[in-house]
Amino acid sequence: MPDCDRTYWGSLAHAYGALGPPLRPTGADIAYMEGAVAAWAGLHPARPMRAALLGVTPQIAGMRWPPGTSLIAADNSFPMVRAVWPRDLPRSRVAVCADWSALPVPESSCDVAIGDGSFSCLRYPHGFRAVAAEARRILRADGRLMVRCYIRPREQERPEDVVADLLDGAIPSFHWFKLRLLMALQESTERGVAVDAVYRFWASQRVDETALVAQTGWDAQAVRMMELYRGKDTVYSFPTMAELRRVLGESFAETAISTTPQTIEKCCPIWVAAPRADARRPAMALGAAACRM
């Protein structure tokens, strides 16, 4: 991982507690994942579940897993593991520092691969393709991939309009504002959006952060987290649903997708898919990191 990314993820790790939905899962998101996991377990009552988590999302680590589940979480940032991971549990839960495109997990050994916003940390399409293929490698033929995704609207917003909505009080939280601004500033899915570009645009707007906090009652720390983007070249990627399906569909066949109101006008669905029997492995593996914005 580049040094700039280490600094970014390390700083973010210490500020993780200030994150709110949609930059971390809602209770409804976790309930959907629990239901999907329970449904799979109900079809395989004699098999103790083995799951792999892309990242160290504590809400997923601590959700209700079927009895006897063993969970391995992989994250490329040691500060994130140290600060965010709830803790290892003997014989049932462990976190490791590892690249998502080269997981320390045997082939065809997992029943579930799960993640929260994981693919948006990757470059599109090659990073998406490499990690999807690795998830396909570790899953059994009847396993499932379950990921909460950040999906760009088909009609892209203008960043100036997002700021106008913020100042008009039309956005429910700074976390929602930040996600909308990230998506609005992305020129193309292939290029993604560098977080420093988001910071520079935000700074150019000269919004009085103290007045904003006083007006909205929002957590001041959440607003100050925009400073973490400053000078970093970490890039996020926000595909449309068609773009996501096109690349992930090379390794997986969609079986379900959440469309609850809590998914921010369908911008953050949970995508559930089964491994494709004819999936091909990529020619090369690319790096990955935990996704928190």
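Biologist: How much space lies in the largest cavity?

Modeller: About 50 Å³ lies in the largest cavity. This is a predicted model, in which local features need pLDDT of at least 70, side-chain atom pairs count only at pLDDT 80 or more, and totals for chains, interfaces and linings use all residues. Residues are numbered from 1 along each chain as its sequence is written, and side-chain values use heavy atoms, with hydrogens and water left out.

Biologist: What counts as a cavity here?

Modeller: On a 1 Å grid over the protein atoms alone, a cavity is a set of points where a 1.4 Å probe fits but cannot get out. Grid points are joined across faces, edges and corners, and a volume is the space filled by probe spheres set on the points.

Biologist: How many cavities of 30 Å³ or more does a search of the whole structure find?

Modeller: The search finds 1.

Biologist: Which residues line the largest cavity?

Modeller: The lining (residues with an atom within 4 Å of a point) includes Gly117, Ser118, Phe119 and Ser120. Also among the lining residues are Val147, Arg148, Cys149 and Tyr150. By class, the lining has 7 nonpolar, 4 polar and 1 charged residues. Ala, Val, Leu, Ile, Met, Phe, Trp, Tyr, Cys and Pro count as nonpolar, Asp, Glu, Lys and Arg as charged, and the others, Gly among them, as polar.

Biologist: Turning to the fold, how many helices and strands does the protein chain have?

Modeller: The chain has 11 helices and 9 strands, taken as DSSP runs numbered from the N terminus (helices H or I, at least four residues; strands E, at least two). Its radius of gyration, 19 Å, is close to the 19 Å that the globule rule gives for 293 residues, so the chain is as compact as a globular protein of that length. The radius is taken over C-alpha atoms, and the rule is 2.2 Å times the number of residues to the power 0.38.

Biologist: Is Leu54 buried or exposed?

Modeller: Leu54 is buried, with a relative accessible area of 3%. Buried means under 20% relative accessible area, exposed over 50%, and partly exposed in between (1.4 Å probe, protein chains only). Leu54 belongs to strand S1 (residues 50–54). Residues up to four places away in sequence aside, the contacts of Leu54 (heavy atoms within 4.5 Å) include Trp100, Ile114 and Ser118. Ser118 also lines the largest cavity.

Biologist: And where does Glu243 lie?

Modeller: Glu243 lies in helix H11 (residues 241–248) and counts as buried at 13% relative accessibility. Beyond four places in sequence, Glu243 is in contact with Tyr124, Arg152 and Thr189. From Leu54, Glu243 is 189 residues away in sequence and 21 Å away in space, C-alpha to C-alpha.

Biologist: You mentioned Tyr124; what kind of peptide bond joins Tyr124 and Pro125?

Modeller: A cis peptide bond joins them, with omega of about 5°. Pro125 is in the loop between strand S4 (110–116) and helix H5 (126–138). A cis bond also joins Pro21 and Pro22, with omega of about 10°.

Notes:
1 Å grid on protein atoms, 1.4 Å probe; cavity = no way out; pocket = protein on both sides within 12 Å on 5 of 7 lines; lining within 4 Å.
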